[in-house]
Amino acid sequence: MDYIYCANYEKTSQAAARMVAREVLKNPKAVLGLPTGSTPIGMYRYLVHLFEDGLVSFADVKSFNLDEYVGLNANHPQSYAYFMYDNFFSKIDVLPGAYDLPRGIASDINVECKRYDEKMQKMGGIDLQILGIGLNGHIGFNEPSHDMQVRTHCVDLTHDTIQANARFFNSIDEVPRHAVTMGIGNIMKSRKIILLVSGENKRDILQKTMYGAVSPEVPASILQFHSDVTVITDIKL
Ligand code: F6R
């Protein structure tokens with residue numbers, strides 16, 4: 001795994017945005033895999049700046065998000081669809097229909113998971129996947145477990161994740177208990193991966209991810225088996 005240390009959150013966000021922009025300039029038809037959460041907000045902000053300065057265009061890009069809560073529609077302010085529109089899609093030239101997220105309100109979640117996987121495959125897979133990491137080592141919403149799921153699937157969120165995400169809702173009772181997420185197999189098939197990690201509270205999990213045993217109990221540790229992962233972080237290991 002390559003490791004890029006940046007002095008602070010802003011520099012981490014800039015470095016990630018520049019790397020994404022570089023990939024899009026190299027391949028304007030790139031298929032991106034995108035994360036939500038607090039970590040990538042700065043990266044999206046810098047990507048919007050690069051777009052506004054005429055340095056990059058997303059007109060031919062396609063994207064798939066990692067995950068979505070079950071039960072929230074795209075107009076719900078805490079849905080990931082809303083997050084992406086608000087922070088990124090509404091501010092760049094990506095075409096409507098060129099980006100997709102799992103539909104958390106699909107009447108049959110299993111059919112939705114299949115649709116998502118088939119569409120990703122039809123688009124030729126993901127060229128560049130950007131990931132954040134949960135304090136428990138989850139990537140997407142692949143939570144610590146005894147095994148790893150390959151494809152897009154529905155998960156029960158762990159108590160830790162529900163608690164961590166409660167900060168975005170009025171109360172912990174409003175946090176959805178289930179989510180749809182790409183599987184570890186979908187993520188590992190990406191041609192290139194950026195893992196974005198910020199904040200001292202993630203030091204321990206970053207250490208385990210990069211140097212610990214590869215185990216489904218630390219889902220991000222599987223990234224050690226990928227040949228093109230760049231960790232961009234403000235944590236000096
Ligand atoms: C969100 C996602 C999650 C987050 C992780 C970290 O799409 O895939 O794995 O990346 O929960 O979230 P933050 O950045 O809020 O600490």
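A polar contact is taken here as a pair of N or O atoms within 3.5 Å. The structure is a predicted model, in which local features need pLDDT of at least 70 and side-chain atom pairs count only at pLDDT 80 or more, while totals for chains, interfaces and linings use all residues. Residues are numbered from 1 along each chain as its sequence is written, and side-chain values use heavy atoms, with hydrogens and water left out.

An N or O atom in the side chain of His 138 is placed 2.7 Å from an oxygen atom of the ligand. The protein buries 93% of the 410 Å² that the ligand exposes when taken alone (Shrake-Rupley method, 1.4 Å probe). Around the ligand are 14 residues, of which Thr 39, Asp 67, His 138, Gly 140 and Lys 202 come nearest (a heavy atom within 4 Å). By class, this shell comprises three nonpolar, eight polar and three charged residues, with Gly counted as polar.

The ligand sits in the largest pocket, that is, more than half of its atoms lie within 2 Å of the grid points. A pocket is an open set of points on a 1 Å grid, with protein on both sides within 12 Å along at least five of seven lines; lining residues have an atom within 4 Å of a point. The space in the largest pocket is about 740 Å³, the volume being that filled by probe spheres set on the points. Its lining has 37 residues, with Gly 37, Ser 38, Asn 165, Arg 167 and Phe 168 nearest the centre.

How values were computed: A polar contact is a pair of N or O atoms within 3.5 Å; within protein, one must be able to donate a hydrogen and the other to accept it, and residues adjacent in sequence count only if both atoms are side-chain atoms. On a 1 Å grid over the protein atoms alone, a cavity is a set of points where a 1.4 Å probe fits but cannot get out, and a pocket is an open set with protein on both sides within 12 Å along at least five of seven lines; lining residues have an atom within 4 Å of a point.
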